[in-house]
Amino acid sequence: MTRNDESAARARRVIPGGVNSPVRAFGSVGGTPLSIVSAQGAMVTDVEGREYVDLVASWGPALLGHAHPDVVAAVQEAAARGLSFGASTPGETELAEAVVDRMQVGGVAGIERLRLVSTGTEATMTAIRLARAATGRDLVVKFAGHYHGHSDGLLADAGSGLATFALPGSAGVPTVIAAQTLVLPYNDLDAVEAAFAAHPGRIAAVITEAAGANAGVLAPQPGFNAALARLVRDRGALLILDEVLTGFRVGPAGWWGLEAAGAEPAWVPDIVTFGKVIGGGMPLAALGGRAEVLDLLAPLGPVYQAGTLSGNPVAVAAGIATLRLADADVYARVDAAAEAVASALHDALEAAGVAHVVSRAGSLFSVAFREGEVRNYDDARDQQAWRYPPFFHAMREAGVSLPPSVFEAWFLTAAHGDAALERIRAALPAAAAAAAQA
Ligand code: PMP
């Protein structure tokens, strides 16, 4: 028994499945999950003392690489001043100002107000409550394969762990709640139009990942988000743009920033949700939007939302430091590293004769073992997914830690320098051969 095996066995005795989030369980790739004891830059170290080049990056937050010294120093300084006060702090205003500033693109304000919460799940859950309050309507549209956290109404046909474990939704969600969610195919505006026609005056919001990245990477078709924003507004509903994964990761103003720069006419979502990078690895997330919508939140308005640890000062310090450091050079490095790994991945699979497509959305990418573009969840599931486990384990043997599911994006960081990229390149041919033999 290895020390990872011992660690997992011990965990399983007291923690359901041995994990605190299902995707960590290696459910679809098999084998024993790594038990991580430390991480630095592009590397993680497991309980056996083995180092891996990390392409999970805490599922997104580690944009700068793990344990950036300036972020760690900011956290230590904040912790020394007190862990939580249950009161307002100057830091939370500073973080909100930084986010509002960053979400100004080409003179267009992406958001005017920001409320801090602790998880992406809370951010999207509150966004939906706000949209219902703002419109006086009940129904919510989401897209198949998109993941917006684990609140009752948003698990239908969701990506992430539900894609990995092939679950259509979750037990324990009352039918009356599930019935409030309409699930549509992604990248299909006609389907959205048809849903509004079928339920006139009843749809409060359409929620969409800014770029789909939870059923593998599913980029929006060019113009899809802008047309969706117009359609949704025209029908009197709100557009919730979920940037929990993409926000401050694919660019300084998230995916919206990439699209909004130069978009004519400008389009602005009604509510934007953030998580992951905004907290620099600490539990912090947020929702932002137009003042007239966000000001419906208590204490100004009738929509209730609260949190003992919301705007936690230590998490806020990590977020401020991370956003301060995430400059143009960081995004250029992450983009270059993503390009290097995505093209090496393509080359290795091509050389091994494995049918594949590397789907890209900015610096996010994933592999699907199929031919042809991946536009929606049906496409993503229509692949030779069984090729991924041997590929994954061959990479792990060679010291590269990949996301333990073919339905997850690979995450690069600004700390993935030449040595890390070389180790990935060196590992790929044997992994591609393993995928070919599967
Ligand atoms: N929205 C998106 C797009 C996500 O990728 C995630 C998490 N992967 C969430 C929401 C939920 O965030 P959290 O895990 O912090 O609740």
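Analyst: For the class counts, Ala, Val, Leu, Ile, Met, Phe, Trp, Tyr, Cys and Pro are nonpolar, Asp, Glu, Lys and Arg are charged, and the others, Gly among them, are polar. This is a predicted model, in which local features need pLDDT of at least 70 and side-chain atom pairs count only at pLDDT 80 or more, while totals for chains, interfaces and linings use all residues. Residues are numbered from 1 along each chain as its sequence is written.

The shell around the ligand has 5 nonpolar, 9 polar and 2 charged residues. The ligand is surrounded by 16 residues, and Gly120, Thr121, Gly149, Val244 and Leu245 are the closest. Helix H4 (residues 120-135) contributes the most to this shell, with 3 residues. Helices (H or I, at least four residues) and strands (E, at least two) are DSSP runs, numbered from the N terminus.

Next, the domains. The assignment, automatic or from a database, divides the chain into domain 1 (3-63 + 327-437) and domain 2 (70-325). Their C-alpha centres lie 25 Å apart. Counting two residues as in contact if their C-beta atoms, placed from the backbone, lie within 7 Å, 30 residues of domain 1 touch 34 residues of domain 2. On the domain 1 side, helix H12 (328-351), strand E13 (357-361), strand E14 (364-368) and helix H13 (377-381) each supply at least two residues. The largest share of that side, 4 residues, comes from E14. By class, the domain 1 side has 17 nonpolar, 10 polar and 3 charged residues.

Some backbone features remain. Most residues other than glycine have a negative phi, and most peptide bonds are trans. Ala67 is not a glycine, yet has a positive phi of about 50 degrees; Ala67 sits in the loop between strand E3 (51-54) and helix H2 (69-80). A cis peptide bond, with omega about -5 degrees, joins Glu264 and Pro265. Pro265 is in the loop between helix H9 (254-260) and strand E11 (271-274). The bond from Ala298 to Pro299 is also cis, with omega near 15 degrees, and Pro299 lies in the loop between helix H10 (291-294) and helix H11 (313-325).

Terms used:
A residue is near a molecule or strand if its C-beta atom, placed from the backbone, lies within 6 Å of it.
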